[in-house]
Amino acid sequence: MLPLTLVQQGETVVVVQVGGNDAAKQHLADLGFVTGSEVNVVSSHNGDLIVNMKGTKLAMTREMAQKIKVTHKL
């Protein structure tokens with residue numbers, strides 16, 4: 001398990017845990033970051049990310065991406 005910020009560009013991973021306060025968790029859940037969802041890292045710059053999730057590209061800060069713990073797809 002590793003934070004989303006450490007995933008390399010082009011890799012697809014699976015969300016295993018979402019941290020942070022209740023508001024942050026709810027915001028991430030509303031965006032689709034729930035256990036079992038797949039995320040593809042499109043671009044990474046200094047920890048800030050652009051990810052593709054369910055056909056939608058999302059930009060997120062390093063701080064928000066740190067809250068999402070992922071594992072590589074099997």
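Trainee: Which residues does methionine 60 touch, leaving out those up to four places away in sequence?
Mentor: Methionine 60 touches Leu4, Leu28, Phe33, Asp48, Leu49, Ala65 and Ile68, where contact means heavy atoms within 4.5 Å. Keep in mind that this is a predicted model, where local features need pLDDT of at least 70 and side-chain atom pairs count only at pLDDT 80 or more, while totals for chains, interfaces and linings use all residues. Residues are numbered from 1 along each chain as its sequence is written, and side-chain values use heavy atoms, with hydrogens and water left out.

Trainee: Okay, and which residues touch the most other members of the largest nonpolar core?
Mentor: Met60 is one of them, along with Leu4, Phe33, Val39, Val51, Ile68 and Val70, in a core of 18 residues. A nonpolar core here is a set of buried Ala, Val, Leu, Ile, Met, Phe, Trp, Tyr and Cys residues joined through side-chain atoms within 4.5 Å. Buried means under 20% relative accessible area, exposed over 50%, and partly exposed in between, with a 1.4 Å probe and protein chains only.

Trainee: Which elements give two or more residues to this core?
Mentor: Those are β2 (12-18), β3 (38-45), β4 (48-53), β5 (56-60) and β6 (68-72).

Trainee: How much of the protein chain is buried?
Mentor: Buried residues are 34% of the 74. As for contacts between residues at least 6 apart in sequence, 58% join residues at least 24 apart.

Trainee: Switching to loops: where is asparagine 46?
Mentor: Asparagine 46 sits in the loop between β3 and β4. Its phi is near 55°, a positive value in a residue other than glycine.

Trainee: Is asparagine 46 buried or exposed?
Mentor: Exposed, because its relative accessibility is 60%.

Trainee: What about lysine 54, where is that?
Mentor: Lysine 54 is in the loop between β4 and β5. Phi of lysine 54 is near 55° too, again positive in a residue other than glycine. Lysine 54 has 67% relative accessibility, so it counts as exposed.

Terms used:
Helix = DSSP H or I, 4+ residues; strand = E, 2+ residues; numbered from the N terminus.
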